[in-house]
Amino acid sequence: MARGADFLGADHAILAGAMSWVSERNLVAAISNAGGFGVIACGAMTPELLDAEITATKALATKPFGVNLITMHPALSDLIDVCARHGVGHVVLAGGLPPGGAIERIKASGAKVICFPPTLAFAKKLIRSGVDALVIEGMEAGGHIGPVSTSVLAQEMLPEIAGTLPVFVAGGIGRGEAIAGYLEMGAAGVQLGTRFVCATESIAHPNFKKAFIRASARDAVASVQIDPRLPVIPVRALKNASSDLFTAKQREVALSLDEGKVAMAEAQLQIEHYWAGALRRAVVDGDVENGSLMAGQSVGMVTREEPAADIIRALLDQAAAALESRAAF
Ligand SMILES: Cc1cc2nc3c(=O)[nH]c(=O)nc-3n(C[C@H](O)[C@H](O)[C@H](O)COP(=O)(O)O)c2cc1C
């Protein structure tokens with residue numbers, strides 16, 4: 001993990017993937033202080049809100065942390081400026097290929113840029129654009145997902161790109177044995193989200209945490225696209241009534257598209273706003289029926305609320321034991 005840890009400036013190369021509404025000051029600082037690398041989820045925050053969140057996180061964190069920005073945010077450029085003013089060391093760009101100039105502007109501030117390549121071709125393109133590290137994330141993950149599993153992405157991409165820059169593997173990681181496996185394949189580290197939702201320091205509503213503790217892997221299902229004309233990125237979440245609400249939302253947006261009331265980009269933005277609102281209802285208000293319970297398949301390995309430091313310790317112990325037993329053969 002040394003290469004990944006050096007890159008992050010953390011004790012261990014365990015990134016806590018940004019989770020909208022969940023990855024705020026308390027969880028981010030707790031993860032970083034415990035030796036992992038916390039990342040603030042900017043989500044739909046305004047530049048003023050992000051500014052306040054970074055200030056508050058700095059007051060709690062004794063170690064570095066990063067900020068995750070969504071590329072389709074209309075104020076992306078201002079958000080980059082906020083990160084630069086604070087001297088944020090690592091900016092993670094999520095939600096599609098970064099718009100022209102974004103990577104250069106972040107790098108000019110002295111920060112490192114981390115992106116998510118959906119395919120090997122995109123990974124190579126991002127490397128040519130100057131990104132400093134990549135996260136490859138499989139469809140086992142919680143939240144927005146691509147169509148390919150983590151194990152296949154890791155086999156396809158690590159041999160080709162892990163020699164060029166640090167690559168972190170994400171999606172479906174619940175235990176340290178899996179971390180050991182990806183490190184052996186050439187990863188510089190890993191990123192986990194679901195496993196950290198029930199950290200004691202996470203401000204997620206008790207109902208949200210209870211739903212995670214009760215759920216098994218097969219409860220975390222991908223959303224279904226109902227209209228071929230309206231491509232929506234699938235989201236993995238625990239099954240509940242919100243799946244029907246999402247179907248209704250897609251019909252409503254598809255109708256506006258048909259009637260020429262909105263353009264495709266606006267239609268897709270409306271879908272993303274829907275998710276942000278639905279996730280807030282569940283994480284903040286505790287409405288676990290009508291809100292979105294974004295969760296990855298590793299949710300079955302979340303069995304109790306425990307401090308972030310204990311989660312990280314357990315992952316490291318499991319990874320070390322796995323590597324030692326393999327070395328003994
Ligand atoms: C509740 C929830 C919210 C998430 N929100 C975001 C987000 O705002 N931005 C982002 O890049 N990824 C988001 N993710 C993905 C995580 O950052 C991380 O990559 C993913 O959870 C890793 O897979 P795992 O859940 O299998 O550990 C979210 C995941 C969850 C579970």
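The protein chain splits into domain 1 (2–203 + 304–327) and domain 2 (206–297), with bounds that come from an automatic or database domain assignment. Numbering starts from 1 along each chain, following the sequence as written. The model is predicted, with local features needing pLDDT of at least 70 and side-chain atom pairs counting only at pLDDT 80 or more, while totals for chains, interfaces and linings use all residues.

The C-alpha centres of domain 1 and domain 2 sit 23 Å apart. The contact between them involves 20 residues from domain 1 and 20 residues from domain 2, two residues being in contact if their C-beta atoms, placed from the backbone, lie within 7 Å. On the side of domain 1 that touches domain 2, there are eight nonpolar, nine polar and three charged residues. For this count, Ala, Val, Leu, Ile, Met, Phe, Trp, Tyr, Cys and Pro are nonpolar, Asp, Glu, Lys and Arg are charged, and the others, Gly among them, are polar.

Then there is the ligand. Both domain 1 and domain 2 give residues to the shell around the ligand, so the ligand lies between them. That shell holds 27 residues, of which Gly17, Gly142, Gly143, Gly193 and Gly296 come nearest; a residue is near if its C-beta atom, placed from the backbone, lies within 6 Å of the molecule. By class, the shell comes to 11 nonpolar, 13 polar and three charged residues.

As for secondary structure, the protein chain has 12 helices and 11 strands, taken as DSSP runs (H or I, at least four residues, for helices; E, at least two, for strands) and numbered from the N terminus. The radius of gyration, taken over C-alpha atoms, can be set against a globule rule of 2.2 Å times the number of residues to the power 0.38. The chain comes out at 19 Å, close to the 20 Å that the rule gives for 329 residues, so it is as compact as a globular protein of that length.

Of the 329 residues, 48% count as buried, meaning that 20 or more other C-beta atoms, placed from the backbone, lie within 10 Å of the residue's own. The largest nonpolar core has 103 residues, and Val39, Val91, Leu134, Phe168 and Val190 touch the most other members. Such a core is a set of buried Ala, Val, Leu, Ile, Met, Phe, Trp, Tyr and Cys residues joined through C-beta atoms within 7 Å. Helix α11 (residues 264–283) gives the most to this core, with six residues. Leaving aside neighbours within four places in sequence, Val91 has contacts that include Gly66, Val67, Leu69 and Cys83.

Methods. Buried ≥ 20, exposed ≤ 12 C-beta atoms within 10 Å, placed from the backbone.
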